[in-house]
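Look at the sequence and the model below before reading on. The paragraphs that follow go through the structure step by step.

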Amino acid sequence: MSGDHTETLELEYNPNCTTYKDLLLFFWKNHDPTAVHKAQYMSAIFYHDEDQKQLAGETCEEHQKTIKRKIVTKILPANTFYVAEQYHQKYMLRQHPLLLKCLSLNDEELKKSRVAAHLNGYVGGFGSIKSFDAEVDKLKFGNQQEKW
């Protein structure tokens, strides 16, 4: 049944590499928190504890000072998270079957792959050739993938 859920992502991060506040600031900068949508596509931050709730609220207030329209992003407690169907996983990358095949990943590996996540972003139009070239060595492609 469409509309009985909110499409979102669950983000795991290493607090030794970034902070929750930095992730929130990235969130506010990289989407329109003023766009009104039905529940399926609403803008939301799901928090796991009171510290996260407080930081989400504080960064929302800070961001509101920088824009004219009212922020409608909801800040809600995290409940059960359901993983999307397999065909939704790395959806943009799946539109490039030859590239996907070169990765030689099964469905579970694809879902968890950092390389696949980066490629999914690039083929989705996020990032430039320059940024790809800058990180290609870190992604540890084999020769077959680098040709793409």
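How many disulfides does a search of the whole structure find? The structure is a predicted model, and the search of it gives 0 disulfides. A disulfide is a covalent bond between the sulfur atoms of two cysteines. To be counted here, a pair of cysteine sulfur atoms has to lie within 2.5 Å. Two cysteines can be looked up by their surroundings. Cys17 has a relative accessible area of 66% and is therefore exposed, since the cut-off for that is over 50%. Cys60 has a relative accessible area of 14%, which means that Cys60 is buried, the limit being under 20%.

The overall layout comes next. The protein has 8 helices and 2 strands. Read from the N terminus, the order of the elements is α-β-α-β-α-α-α-α-α-α. The C-alpha trace spans about 45 × 40 × 30 Å along its principal axes. Of the 148 residues in the protein, 28% are buried. Among the contacts with a separation of 6 or more, 62% are between residues 24 or more positions apart.

Two pairs of helices show how elements pack. In one of them, helix α1, residues 20-29, packs with helix α2, residues 50-64. Their axes are 10 Å apart, and the angle is about 40°. Because of this angle, α1 is oblique to α2. The crossing of these helices, α1 and α2, is right-handed. On the α1 side, the contact is made by Tyr20, Lys21, Leu24, Leu25 and Trp28. On the α2 side, the residues are Gln52, Leu55, Ala56, Thr59, Cys60, Glu62 and His63. Cys60, the buried cysteine described above, is thus one of the α2 residues in this contact. By type, the residues of the contact of α1 with α2 are 7 nonpolar, 3 polar and 2 charged.

The other pair is formed by helix α6, residues 114-123, and helix α7, residues 129-139. The axes of α6 and α7 come within 11 Å and cross at roughly 165°. Angles over 145 degrees count as roughly antiparallel, so α6 and α7 are roughly antiparallel to each other. In passing α7, α6 makes a left-handed crossing. From α6, Arg114, Val115, His118, Leu119 and Tyr122 take part in the contact. From α7, the residues are Ser131, Phe132, Glu135, Lys138 and Leu139. The contact of α6 with α7 has 5 nonpolar, 2 polar and 3 charged residues.

How values were computed. Residues are numbered from 1 along each chain as its sequence is written. This is a predicted model: local features need pLDDT of at least 70, side-chain atom pairs count only at pLDDT 80 or more; totals for chains, interfaces and linings use all residues. Side-chain values use heavy atoms; hydrogens and water are left out. Axes are lines fitted to C-alpha atoms, for helices over the stretch in contact, and angles run from 0 to 180 degrees between N-to-C directions. Helices (H or I, at least four residues) and strands (E, at least two) are DSSP runs, numbered from the N terminus. Angles under 35 degrees count as roughly parallel, over 145 as roughly antiparallel, 65 to 115 as roughly perpendicular and the rest as oblique. A crossing is left-handed if the near helix is turned anticlockwise from the far one by less than a right angle, and right-handed if clockwise. Contact means heavy atoms within 4.5 Å. Ala, Val, Leu, Ile, Met, Phe, Trp, Tyr, Cys and Pro count as nonpolar, Asp, Glu, Lys and Arg as charged, and the others, Gly among them, as polar. Buried means under 20% relative accessible area, exposed over 50%, partly exposed in between (1.4 Å probe, protein chains only).
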